[in-house]
Amino acid sequence: MSPGKQATEPETAVMAAGVRLEKMHRRVRLSRLALFTAIAAGPVALGVAVLSGPTTVAAAPKAKPTTLRTTAAATDPSGYAQLFLGAWLRSSAEDTATAQARLAQSLAPDIELPDRAADAQDAQARLESVTAVHRAQHEAGRWWVTVAAQYADGSVRYFAVPVAAAGDGGSFTVTGAPGVVAAPGRAEVTTPPYGVTVPKGELSSTVGQFFDAYLAGAGEVERYLAPGVRLSAVSPAPYSAVTVRQVLAVEDAAAAEKVPGTKPRSTTWRR
């Protein structure tokens, strides 16, 4: 091998070793840089999470308060009309300082008090009670209430009281003076199913004894009850005795002379 060639081989080896060493230094620097970047990214990421957290979590919507309103179907101006008519009939335009006159004017300030001199019947008869017997809604928030006025002489007169209700049904006002109207019609009732008359006998006697025990405290109620039925007597007893005047039944079998026997609750046999 020539001397020139021998001289270049060591230099080539030294250069190759330097290149490898430089590559190792670069790897070490890159590793350190990645480590420092990861360490630095930790607090930054935490700061971002803290700052952006409230915007990512949706706040729960506040529950809206529920407002309870009285519907028109539940509005009942009967009591208001009854109270007003009682005070109105007991007052007079000639004396507005009485308690009844002040009450009527507080319930309906725009309604004039009645003129007793022009109504001799009301002046002679004393009002005993007033009772609302019917109401009818003729338009939204407006009612006609029929109130019966009973007098001491036994007579009854009916008055129609116009009443207006607020939108929420919590307040009322009388919109006009009461007017005399005809009595409400009498409704037809269906024929009751009890059409069989039970003659005096065991059944009617047993019914009387039951009511004696139930209402008058005479004896025990349990002996007249069917098995499994529980009923306590009225206490204290409101009556001293009970008399059964008539017993009606649905089936014809109840009118038989003899009532079918029932099985006793318990039977004791002795030899």
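**Strands, hairpins and a nonpolar core**

In the hairpin formed by E1 and E2, two residues lie between the strands, and Gly-141 adopts a positive phi near 80°. Strands here are DSSP runs (E, at least two residues), helices are runs of H or I with at least four residues, and both are numbered from the N terminus. The model is a predicted one, in which local features need pLDDT of at least 70 and side-chain atom pairs count only at pLDDT 80 or more, while totals for chains, interfaces and linings use all residues. Residues are numbered from 1 along each chain as its sequence is written, and side-chain values use heavy atoms, with hydrogens and water left out.

Two strands are said to pair if DSSP finds at least two bridges between them. E1 and E2 pair in the antiparallel sense over 10 bridges, and within this pair Ala-132 stands opposite Val-147 of E2.

E2 also has a partner in E3: nine bridges join these two antiparallel strands. They form a hairpin with four residues between them, and Gly-154 in the turn has a positive phi of about 95°. Two facing positions illustrate the pairing. Arg-142 stands opposite Ala-164 in E3, and Ala-148 stands opposite Tyr-158 in E3.

Strand E4 (residues 172–174) joins E3 in the antiparallel sense over three bridges, with Ala-165 opposite Phe-172 in E4. Strand E5 (residues 179–181) is likewise antiparallel to E3 and is joined to it by three bridges; here Phe-159 stands opposite Val-180.

The next topic is burial. A residue is buried when its relative accessible area is under 20%, exposed when it is over 50%, and partly exposed in between (1.4 Å probe, protein chains only). E2 is mostly covered, since seven of its 10 residues are buried. Eight of the 10 residues of E3 are buried, so E3 is largely enclosed by the rest of the structure.

In soluble globular proteins, nonpolar side chains tend to be buried together. A nonpolar core is a set of buried Ala, Val, Leu, Ile, Met, Phe, Trp, Tyr and Cys residues joined through side-chain atoms within 4.5 Å. The largest such core here has 26 residues, and those with the most contacts inside it are Phe-84, Leu-85, Trp-88, Leu-89 and Val-161. The elements that give two or more residues to this core are helix H2 (78–89), helix H3 (99–107), and strands E1 (127–139), E2 (142–151) and E3 (156–165). H2 gives the most, with seven residues.
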